[in-house]
Amino acid sequence: MNNSRRNVLKKSTAMAALLLQTLTQCERVYAYQQNAFDAKTIADLNKSLGLNLPLESSQITINTPEIAENGAVVQVAATTTLANIRRWIFVVEKNPVPLVAIFNLSEDLLPSITARAKFAQTSDFIAFAQLADGRVFYGKREVKVTLGGCGG
Amino acid sequence: MNMVKVNFIHLSNKIRPWRDVFVFFLAVLLIGCSHQSQTEPASATFISNSGTDAEYLNESYLKLSFGSSGIATMDRLKQDKTQAICSQSAYEATRLGMPLVTKNTSNSDLLLESLRETNKALIFTPSDLVYFGDYARGEAIAQDGRGKTWTDSVDQLSGGNCYNCHQLSKKELSYGTLGPSLYGYGKSRGVTSQAIYDELKKSPKESPLVQYTWGMLVNSKAYNLCTVMPRFGVAFESLKGFDQSGTKAILNERQLQDLMALLLDPNSPVNRE
Amino acid sequence: MSDPMRIRLQSQAGVTTVKVLMSHEMESGQRKGDDGKIVPLWNIQDVSATLNGKVVMTAEWGGGISKNPFLQFAVKGTKPGDKISLTWRDNRGDSRTDEVIVS
Amino acid sequence: MYPTNTGSIRSTYKDAVLSIILVALVGIAKAQSGSLEGLTSTANVQKSEQSAEQSTEKAIAQYRQMLQEANPADLYVIKGESLWNSARGPKRRSLASCDLGLGPGVVKGAWAQMPRYFEDTQRVQDLESRILFCMQDIQGFNSVDLVAQDFNTPERLNISLLAVYVASESEGVPFNVPMSLPQEKEMYKIGKKLFFLRAGTHDFSCSTCHSETGRRIRLQDLPNLTTQDGAGGAYGSWPAYRISTGSIWTMQQRLSDCFRQQRFPKPIFASPATIALSVYMGFNANGSEASAPGLKR
């Protein structure tokens, strides 16, 4: 247990360093993590992003609609009172590609991000928050996707 | 799609062959307007076929504005008497708008009664007196809102559109409110056990509930002449006296039986918690 | 080639809220077209925001972001006259940059 | 069984006569279904349904409100504005001199007074048919070809972009659709008649869904287009961005798809019937503020 936690920390710190490097070098901003967007499950996604054992946190607030009348556009927002967040990872659990977006935040940003995601079906929306020290927490909320219109 | 190519745009200060046609057309409309007849045209006429009376939305106007597309042909705009009388009464009932032309009200109770009878006569009895099918299939039909539009094909089975207007189960949140809730339809009408349901299946002719439910599905207009609910079991074009080769009702017999099961089977989502 | 973004700013006490709409199809790579074939993935992959030339946010997006994407974030320590710039680049190599001035 | 129009009867002479018809209709319905309705005890069921319904509606309202903050339609308004000012068509001219009713080149507030009668074409025109006219007259486009095309062809999509731009320039302006000329009155009457025309395989008319307040189809609220509020909110919010198609739909396209689902034949683009319906809705909306571009499911 301790061992694995240390590993996580090590990995995460390494990643935080990488992230900082990215943020300071404009030219190298585009380092698209294709394998994370290839992941079909949360487990695979966490593996590819190095997010082992994230903990659910009440300090993360998710703002999503309870019901979406069209899954094509659902506004999703996350904010947190956790200090020093450096990264938001937005995930729609039941989508064929669960990873929706990764946002890397500098210290100049408030810890809130709003975006709009596609929901293939009723699913949890999960927002992972990665802190400067590498720790990862998450919050989640279900969005029910309904059928609208005349169905014709 | 065999739409007519029509020019609705008229250039000023140029030679415009269309303009003359249009001015004539407009004149026709205006004449139609100024001569507001005080007498009702032939009863149950909403669209005039005289082609001159704009007040009665003449057929040539519709021909100028609509075109056959796929299975949705211009024949669809020809009304049967039920459609015509119900168009007229709704038209006259609106509060907002322009002053209404006073109508001769020869649409007597007798006429309404006879139209209702006409519709009642179209309620058929299912073959071998089988009124009930499978509620799971019924649920799928209730969810399905497709069929009969210009983007649908002629041999495609139509859906029932039920959830568009009715609540039917607890689980489906996306339901309309144009019609009353049908959640608990069978249960609240006494079909509380499999035994009672089996009894209905055994002697459907003796059950007013079965006869009424079947009748509403096949031809709702037999009960409430101007209800917004379609006549699901009636190939009603035949009423209108023009050829409709291959015309089918919205739902076939088996689909109607499946909807009966959806409404009355105690195990269906309609009658479960 | 690419259509302009629509960027709206709201500033209060040195914090500027940035609301961006981007014009993009965002094909998920999951959808079947009219011909029954899968419409290939076509999405914005990278987004970055700068304040007076300094990167304040970067993002990586997949096909799960909705068509005509919306993004909102808030930058601290802004003052009138500051320049906020946004850039996106998609998987076909198209890109677009638009900038606005904090008022 | 079903709601009828009894709620809207006034005690004028003609309506009194009409009420006889309606009472007869309701009476027939009651006589037929009354005994079976007696079997029901739905009061409790209905109470719990109501609260479930309310919470669903609240959740949907929340969903919509979140999206309303930033309407993708704005992206298309920008495109439409640049199209309006671009030299295009065989004559390589812009639409800057197009007269939308308030004089050549006046876009601001013009849509709030449309449809209206135009002297130069001697007909009542709605937003799209007027744009079509300007495209032919000023830019040299062939309107007959454009009418025959689908909504999704490039130049027809351009008409939608132009329409959403023009409409957006009336945002917040109260509708004042003119109704003084005989041609305008005529179109109103025809539009109203069409609105109530029940036909087709399903017996549907526009009024089937749009003549009562507070109803919905599936989860969509249905505007009552016979009232100022209903017509103002609905007519006044198209052209709109449709989430389901990810594109701008104009009122012409909205009407076309309504007719499709009504199981009617296909309305011809910019045809007299479609304009007449817009006259009916537009005049009913008078006094309400234009809110286009809207955001729709």
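## A strand pair in chain A

A:Val76 stands opposite A:Ala115 in β7(A). Strand β4 (residues 74-80) of chain A and strand β7 (residues 113-117) of chain A run antiparallel and are joined by 5 bridges, where strands are DSSP runs of E with at least two residues and helices are runs of H or I with at least four, numbered from the N terminus, and where pairing requires at least two DSSP bridges between two strands.

This is a predicted model, in which local features need pLDDT of at least 70 and side-chain atom pairs count only at pLDDT 80 or more, while totals for chains, interfaces and linings use all residues. Residues are numbered from 1 along each chain as its sequence is written, and chains are lettered from A and ligands numbered from 1 in the order in which they are written.

An open sheet of 6 strands, paired antiparallel, has the order β2(A)-β4(A)-β7(A)-β5(C)-β2(C)-β1(C). At its edges stand β2 (60-63) of chain A and β1 (6-12) of chain C, each with a single partner strand, so one side of each is left without a neighbour in the sheet.

## Chain C

The secondary structure of chain C comes to 0 helices and 7 strands. Of the 103 residues in chain C, 44% are buried, meaning that 20 or more other C-beta atoms, placed from the backbone, lie within 10 Å of the residue's own.

Note on methods. A residue is buried if 20 or more other C-beta atoms lie within 10 Å of its own, exposed if 12 or fewer, and partly exposed in between; C-beta atoms are placed from the backbone.
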